[in-house]
Amino acid sequence: MERQIQLADRFGMLLRQGYVGRNPLTHDYIRHLQSGAERIEAKSLTIPTRQPVENTATSFALVGCSGIGKSKAIEKVLHQYPQCFQHTAPFSLVQITWLKLDCPHQGSPKQLCINFFSAVDRLVGTNYFNWYGSRRASVDEMMVHMAHVANLHALGVLVIDEIQHLNKTKIGPDALLNFLVTLVNTIGVPVILIGTLSAIPLLQENFRQARRASGLGSLVWDRMPKGKAWDYFIDQLWQYQWTCEPTEINPEIREALYDESQGIMDIVVKLFMLAQLRVIGIGEVRRGPERLTVELLRKVAREDFQVVRPMLDALRSNDKKALLKYDDLLPLHAHVDQVLASALKTQLPDVVLSPAVVEPASVLMQDDGIDTTRAALRSLGVADDVVDVLINEASGLNPSADPLLLMAAITERLAKRLVQVRKPQARKPPKASATPAQDLRHIVTLGKQAGQSGYEALLAAGFVKPPLLDLAA
């Protein structure tokens with residue numbers, strides 16, 4: 001898509017421009033290494049060096065709504081370039097073209113350095129984590145060594161994802177952001193920052209960070225508007241149908257998909273998947289046609305996206321304050337993944353699809369879902385009175401009486417009860433007074449009452465051999 005092509009072009013420019021000032025053929029790379037050695041001796045990144053080198057590195061930021069495809073897009077762009085090169089001329093060098101890290105949840109520069117050393121070790125096979133990542137090392141020392149390792153392996157671009165985590169830090173975002181700015185200004189390593197819209201205030205906090213974030217023009221990916229790009233995406237998505245009977249796309253379905261997802265690609269993809277799982281399950285139960293309809297799409301969105309409904313309403317009304325409040329959208333991603341996993345792991349098809357369980361199609365088409373569920377439970381050997389109780393409880397949680405939802409709720413309830421029934425009860429230890437006279441515990445107890453230790457009581461009772469008996473013999 002257009003925005004992904006634009007991101008690929010920006011990344012290519014950033015990567016090549018950053019290497020201009022670190023060309024081994026002009027000795028700039030060697031000067032960077034010499035400057036790094038001086039910083040290691042001084043244990044500081046800010047000291048002036050004797051070998052000033054031209055800095056051609058720049059940076060940019062990619063921000064946008066969660067679920068819009070930022071991380072996936074940058075991963076696709078990164079994998080267009082080999083991550084490692086083994087050079088033999090003009091000298092031996094293992095070059096790292098790019099490295100992608102997640103921003104630490106606590107916003108700690110020390111944790112970022114630890115993640116950096118671990119990532120380089122996994123990639124190159126070095127041992128930097130054990131050398132420089134010890135707990136006793138100070139933050140300044142780890143930053144200096146991280147910068148030196150980045151220069152030593154001629155790191156092309158450092159990508160920091162989930163930069164919005166700095167909003168929740170107790171120490172403040174300045175420490176990590178200043179370190180990243182130092183990497184660009186002093187070391188010459190380009191940096192790309194990726195985050196949600198809540199990261200914009202962090203990057204605009206002062207002019208220096210805003211300038212570095214917009215070195216090649218920051219990219220802001222908002223939700224996709226209606227138009228040719230959205231229609232193209234839906235046409236490509238619509239080819240992945242799992243139903244026995246493919247459904248033709250029409251303007252009403254397009255409108256429903258956009259209205260229920262508000263142009264967020266992650267939402268519309270999972271809505272499409274959940275709707276197909278629902279229609280396949282209904283088709284297997286009722287022997288009806290497996291067709292996707294507008295009513296089904298809206299029903300699935302209404303029932304499965306309840307947790308994120310306020311966020312979607314904020315997108316629908318274009319409420320700026322509400323969007324900042326719900327910008328993280330982590331509950332959306334977690335909730336939808338949970339719903340999708342539950343739909344994939346449900347055991348309803350194993351119950352309903354067996355010949356002994358499935359009733360004739362004419363009977364299934366006439367009931368409202370409750371009769372089908374009752375018949376399935378009876379076939380499993382559940383008593384009628386228990387069946388009625390389970391169905392009444394599940395119907396209270398799922399008023400729509402959809403067979404899939406009813407069976408999922410009943411299965412979950414039965415699993416919980418089974419765990420409670422099988423929970424072993426702790427046995428109480430027998431009292432010492434109730435033990436026989438030859439019980440060691442009884443003897444020890446009587447000895448303690450007489451002021452003897454356990455060893456002395458057992459020795460007097462003849463259960464322990466005297467220590468000098470063998471010597472006397």
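**Close-ups of a predicted model**

Residues are numbered from 1 along each chain as its sequence is written, and side-chain values use heavy atoms, with hydrogens and water left out.

**View 1. Helix H6 packs against helix H7.** H6 covers residues 139-152 and H7 covers residues 174-187; their axes lie 11 Å apart at an angle of about 45°. Here, axes are lines fitted to C-alpha atoms, for helices over the stretch in contact, and angles run from 0 to 180 degrees between N-to-C directions. The crossing of H6 and H7 is right-handed, meaning that the near helix is turned clockwise from the far one by less than a right angle. From H6, Met 143, Met 146, Ala 147 and Asn 151 meet Phe 179, Leu 183 and Ile 187 of H7, with contact meaning heavy atoms within 4.5 Å. Sorted by class, this contact has six nonpolar residues, one polar and no charged. Nonpolar takes in Ala, Val, Leu, Ile, Met, Phe, Trp, Tyr, Cys and Pro; charged is Asp, Glu, Lys and Arg; the others, Gly among them, are polar.

**View 2. Helix H1 crosses helix H3.** The axes of H1 (residues 2-20) and H3 (residues 70-78) come within 10 Å and cross at roughly 50°. That makes H1 oblique to H3. This crossing, too, is right-handed. On the H1 side sit Gln 4, Leu 7, Ala 8 and Phe 11, meeting Ala 73, Ile 74, Val 77 and Leu 78 of H3. Seven residues of this contact are nonpolar, one is polar and none is charged.

**View 3. Two cysteines, Cys 84 and Cys 113, get a look of their own.** Cys 84 counts as partly exposed because its relative accessibility is 30%, whereas Cys 113, at 0%, counts as buried. The cut-offs are under 20% relative accessible area for buried, over 50% for exposed and in between for partly exposed (1.4 Å probe, protein chains only). The disulfide count is zero, with a disulfide taken as a pair of cysteine sulfur atoms within 2.5 Å.

**View 4. Stepping back, the protein chain has 24 helices and seven strands.** These are DSSP runs numbered from the N terminus: helices are H or I with at least four residues, strands E with at least two. Of the chain's 473 residues, 44% count as buried.

Key. Predicted model: local features only at pLDDT ≥ 70, side-chain atom pairs only at ≥ 80, totals over all residues. Parallel < 35°, antiparallel > 145°, perpendicular 65-115°, else oblique.
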